[in-house]
Amino acid sequence: MDLRKLSFPDAPIIKIEPPGPKSKEILDYQFFHEGAAVSYSRGLPMAIKRGRGVTIEDVDGNIYLDFFGGAGVLNVGHSHPAVIEAAADQIRELTHSLDIPNLPRKALVENLFSVLPEGIDKVFFGGPTGSDAVEAAVKLAKFNTQRTGLISFEGGYHGMTAGALSLTSGYPFKESLFSGLPDIHFIPYAYCYRCAFNKHPDSCGIECAQYLEHKLDDPHSGAGKPAAVIVEAVQGEGGTIVPPEGFLPKIREICTKYEVLLIIDEIQAGFCRTGKMFAFEHTQTVPDIMTMSKALGGVGFPISCIAYNRALDTWPPGKHIGTFRGNVIAYAAGNAALTFMKEQDLAGHAAALGNTMLSRLKNMEARSEIIGEVRGKGLMLGVELVEDKASKKPAPLLARDLRTYCHRRGLLIEIGGHYFNVARFLPPLVLTADLADKGLDIFEESVQQVEKSR
Ligand SMILES: Cc1ncc(COP(=O)(O)O)c(C=O)c1O
């Protein structure tokens, strides 16, 4: 398929500096009537009219290149025609089913089993969001082990419901009175640019992964034997952090040795994003339980799922329930999206185009004083901004300015990272080389502008 046909032609087109007057009116309405925690529309101020492929149009007629892709939801692009058709056909037949089976649900389960690793042979649909999948995974792990403790990683992001938020490391997301789940411990991730152990990846022996063994082995480490370790194979919100190859296998090995379950959270990195169907496949690591959501709903229909080996399927009927675990439109859309991903080899496309983009970004890094590090896998890319390369002092304000400059020129990016100083790209995987170049041209110009204006 010619992927160019999925997006608006000639994007980006900026007719009026965003937010234009129509956007402004809708934004003002939102800020007055909706809660103050509304977030994305503050960083990317506009009101959206429609989306196609890698492009979206705002209500003032501006067309943007969307390198944020709904925070990793829109892997097959906005309004993908085959997905929309599947959803539209389904909406006339049946839309809600609790967990009573139906053909779209069965078709999605079959399709999922064609891509899940060997040994993962049970799926369970949770409530609509990724956080719900995390809650279900944790509950299943606790039920099987009869233990309460959990180990998560610094920089880990697992969602906003109480259990998932407890496993999310970012303090700014937790209000001062938030107490969360008991017995949660955070250990350093392989964030080599800012190594917690002050080591270098070439010679460190992956000390951060080894530290898990210390945590589990030392009776005075502060952590009793936990139910599970939860980890992202590539950290997303933590700043697009790609660990060295040996990291995940080491975590797997230690979990097996200490009989602790390993939950891999694929909510953001899954479904071809990193150049494989699931990010853990880069190192042939198989989790005990995995979480999925975001791109599983095709073009943004809410759905979440966990998958695991049937030996863990010990919970009795009715142990985990919920009204919205039966969104039939999401099953139909997700099935069409997954079929498209497989047929078009979107994983291979993401790997190849991601490599090209990474090289160009690395060239920018070499020329810029404010780019501390560029990193990524497939089409999950991050650019960490610093005040200068020697001090590595995080530069969140420069990152904010960069997002604004990009937006005004027609490119949508978001910001994440420990210090909110990482420009993040999660474009739809139907991105073409031509649009990737146009987006990176805008990004490069904007970095130069930000650098000059310091
Ligand atoms: C890795 C990961 N896990 C869990 C979540 C939570 O998903 P949701 O926002 O749909 O609840 C996210 C969201 O960004 C995520 O990136």
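Among contacts in the protein chain between residues at least 6 apart in sequence, what share joins residues at least 24 apart? The share is 73%, where contact means heavy atoms within 4.5 Å. Before going further, please keep in mind that this is a predicted model, in which local features need pLDDT of at least 70 and side-chain atom pairs count only at pLDDT 80 or more, while totals for chains, interfaces and linings use all residues. Residues are numbered from 1 along each chain as its sequence is written, and side-chain values use heavy atoms, with hydrogens and water left out.

Let us start with the whole chain. The protein chain has 13 helices and 15 strands; these are DSSP runs numbered from the N terminus, helices being H or I with at least four residues and strands being E with at least two. The C-alpha trace spans about 60 × 60 × 45 Å along its principal axes. For 454 residues, a compact globule would have a radius of gyration near 22 Å, and the 22 Å of the protein chain agrees with that. (The radius is taken over C-alpha atoms, and the globule rule is 2.2 Å times the number of residues to the power 0.38.) Buried residues make up 56% of the 454 residues; buried means under 20% relative accessible area, exposed over 50%, and partly exposed in between, with a 1.4 Å probe and protein chains only.

Now for the aromatic rings. A search of the whole structure finds 13 aromatic pairs. Rings of Phe, Tyr and Trp (its six-membered ring) pair if their centres lie within 6.5 Å, and planes under 30 degrees apart count as stacked, over 60 as edge-to-face and the rest as tilted. The rings of Phe67 and Phe425 have centres 5.6 Å apart and planes at 65°, so this pair is edge-to-face. Phe67 sits in the loop between strand E3 (63–66) and helix H3 (69–72), and Phe425 in strand E15 (residues 422–425), so the pair links parts of the chain 358 residues apart. Phe67 and Phe425 are both buried. Another pair is Phe124 with Trp315, tilted because the ring centres are 5.2 Å apart and the planes are at 50°. Phe124 belongs to strand E4 (residues 122–125), whereas Trp315 is in the loop between strand E10 (305–308) and helix H10 (328–343), so the pair ties together parts 191 residues apart in sequence. Phe124 and Trp315 are buried as well. Phe443 forms one aromatic cluster with Phe67 and Phe425.

Two single residues are worth a visit. Leu353 is in helix H11 (residues 346–367) and counts as buried at 7% relative accessibility. Setting aside residues up to four places away in sequence, Leu353 touches Leu379, Leu431, Thr432, Ala433 and Ala436. Arg52, in strand E1 (residues 48–52), is partly exposed with a relative accessible area of 30%. Beyond its neighbours within four places, Arg52 is in contact with Leu6, Ser7, Phe8, His78 and Ser79.

Finally, have a look at the backbone. The peptide bond from Ala11 to Pro12 is cis, with omega near 0°, and Pro12 is in the segment before helix H1 (21–33). The bond from Pro18 to Pro19 is cis too. Gln284 is not a glycine, yet has a positive phi of about 50°; this residue is in the loop between strand E8 (261–265) and strand E9 (289–292) and is exposed, at 67% relative accessible area.
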